[in-house]
Amino acid sequence: MSRTLVGRTTAITAVALAATLVAACGGGSDAGDGKVKLSIGVFSDFGYANLIKEYQASHPDIEIEQRTVKMEQHHTQLATQLAGGRGAADIVAIEEGNITQFRQSKDKFVNLADYGAKDLESQWAAWKWNQGATDGGNFVLGLGTDMGSLALCYRRDLFEAAGLPADRESVGKLWPTWEKYLEVADTFSQKTPGKKFVDTAQNVYKAILDQTEEGYFAKADDSFIGDKNDKVKQAFTLAATLGERKQTGALAPFSQDWNVALKQASFATTTCPAWALALIKAGAGDEAAGKWDVAAAPGGGGNWGGSFLAVPKQGKHPKEAYELAKWLTAPEQQKRIFKETGNLPSEPAAYKDPEVTATTNEYFNKAPVGQIFGTSAESLKPTYRGTKDSKVAPVFGNALSRVETGKQSTAEAFAQALQEARDAVK
């Protein structure tokens, strides 16, 4: 699941908060009744609640606790727990934007190859498997969960009010490129001055950058190239143009304000990786059912997010933890999760399965989401994430926010972001 510049976040429930408070106790321990107790630490909705119940029913000797916190907090806590040698869950989710960082600490994790994980390699798309492995594939850090195949979600009613086509095929043809997307924004803004065309420049920027092979760091040697890579500046300028023209809601992605804006139908489009559909539905509410739809993204798809399940060494039951992670990430479970949450499988056997490709989403005007996201997945080429990607990406998001709020011009904000990025990688 997501992501780097911004991540999928949900409100922390009381249960999740309680789990956070007890996290210092470490991974699962043997229960008093003789059961093996395992814990799994995730962020957002991985769709595991019902699966965990099923696994416990078929494994009566195992008890499983799921801990859920926000994405940034999850990864910050995990880094601290690994450094301190205690507190991590038996199984931990790692978002793809952070996986390169944690590969540098592989000595803190179980090599899943020791339990036979290399035999599972063919289950995943090759690029997904490679993200979770290192040392030429001999060290398997994590098993892939979902992937963030990209589309564009839009409000049909707001498009109709602007005199634009509303059916998804025609909408997708409006913006074969991001430059055309900006032209549509101009048309929309002229016809509906009381609404914003898009929620935030930050998400547009990330979507564009995630369609490139390299972003801030060179794939060859992990060196910082954000100040040399023209694609970074091009993506920033395109996104910032929307902000300068006041065509964005200037919203913090996936924040409470973002949810309120969804409820109020304040903006017409938003970038939507597969996992974001559930967030849009939760924010917009039942009254917006059928008003949102899903179209192809400008630029030909892309990858935004997706995660891995890894096993820290500090846990007491690595074999049992691996077996649970293996089961949760198997194609059959990935298919079930997609139907429940919309999280797109990262295994071809799952995302090409007729059950998945035939899936429609009633809330999004019966959009054929299995086909839309599956097609996008076929052409997906992931962007290389540097080991310090998570330190650099936020400074560009902050810079775009300054443009949206009128505090800086595009040129000023980009120059400051580059300097802050250089400082972050020193």
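Which side chain does a polar contact of 2.9 Å join to that of Arg168? In this predicted model, the partner is Asp293. Arg168 is found in helix H7, which covers residues 168-174. With a relative accessibility of 17%, Arg168 falls under the 20% limit and therefore counts as buried. Its surroundings are drawn from several parts of the chain. Leaving aside residues up to four places away in sequence, Arg168 touches Tyr154, Asp293, Val294, Ala295, Phe364, Asn365, Lys366, Ala367, Pro368 and Ile372.

The overall architecture comes next. The protein has 19 helices and 11 strands. Its radius of gyration is 21 Å, close to the 22 Å that the globule rule gives for 426 residues, so the protein is as compact as a globular protein of that length. The C-alpha trace spans about 65 × 50 × 40 Å along its principal axes. Of the 426 residues, 57% are buried. Among contacts with a separation of 6 or more, 76% are between residues 24 or more positions apart. The accessible surface comes to about 16,800 Å². Carbon and sulfur atoms hold 50% of that surface.

The average over the protein is 92, and 92% of the residues score at least 70. Residues 3-25 have a pLDDT below 50. Even so, this stretch has 67 contacts in the model beyond near neighbours in sequence. Where pLDDT is low, the predicted coordinates should not be read in detail.

The structure holds 1 disulfide. Cys153 and Cys272 form it, with their sulfur atoms 2.2 Å apart. Cys153 lies in strand E6 (residues 142-155) and Cys272 in strand E8 (residues 267-273), so the pair ties together parts that are 119 residues apart in sequence. The torsion about the S-S bond is about 95°, so the disulfide is right-handed. Both Cys153 and Cys272 are buried.

Helix H4 was examined in turn. The helix runs over residues 96-103 and is mostly covered, with 7 of its 8 residues buried. These are Glu96, Gly97, Asn98, Ile99, Thr100, Phe102 and Arg103. The buried residues of H4 pack against both helices and strands. The helices are H3 (71-84), H5 (126-131) and H18 (389-404). The strands are E3 (91-95), E4 (133-134) and E10 (303-310). At the start of H4, a side-chain oxygen of Glu95 reaches to within 2.6 Å of the backbone nitrogen of Gly97.

Helix H17 is also mostly covered. Of its 10 residues, 7 are buried. They are Val369, Gly370, Ile372, Phe373, Gly374, Ser376 and Ala377. One of these, Ile372, is touched by Arg168. Thr359 lies in the loop between helix H16 (354-357) and helix H17 (369-378). At 14% relative accessibility, under the 20% limit, Thr359 counts as buried. Beyond residues up to four places away in sequence, Thr359 touches Phe338, Lys339, Ala367, Pro368, Val369 and Gly370. Val369 and Gly370 are among the buried residues of H17.

Two partly exposed positions complete the description. Glu214 is found in the loop between helix H9 (201-209) and helix H10 (230-244). Its relative accessibility is 26%, so Glu214 counts as partly exposed. The side chain of Glu214 reaches the backbone nitrogen of Lys219 at 2.7 Å. Not counting residues up to four places away in sequence, Glu214 touches Lys219, Ala220, Ile225, Asn229 and Thr383. Glu214 and Ala57 are 157 residues apart in sequence. In space, their C-alpha atoms are 45 Å apart.

The other position is Ala415, placed in helix H19 (residues 410-424). At 45% relative accessibility, Ala415 counts as partly exposed. Ala415 and Lys233 are 182 residues apart along the chain, and their C-alpha atoms are separated by 10.0 Å.

Note on methods. Residues are numbered from 1 along each chain as its sequence is written. This is a predicted model: local features need pLDDT of at least 70, side-chain atom pairs count only at pLDDT 80 or more; totals for chains, interfaces and linings use all residues. Side-chain values use heavy atoms; hydrogens and water are left out. Buried means under 20% relative accessible area, exposed over 50%, partly exposed in between (1.4 Å probe, protein chains only). Helices (H or I, at least four residues) and strands (E, at least two) are DSSP runs, numbered from the N terminus. Contact means heavy atoms within 4.5 Å. A polar contact is a pair of N or O atoms within 3.5 Å; within protein, one must be able to donate a hydrogen and the other to accept it, and residues adjacent in sequence count only if both atoms are side-chain atoms. A disulfide is a pair of cysteine sulfur atoms within 2.5 Å. The radius of gyration is taken over C-alpha atoms; the globule rule is 2.2 Å times the number of residues to the power 0.38. Accessible areas come from the Shrake-Rupley method with a 1.4 Å probe; for residues, only the protein chains shown count as cover. pLDDT is the predictor's confidence in each residue, from 0 to 100.
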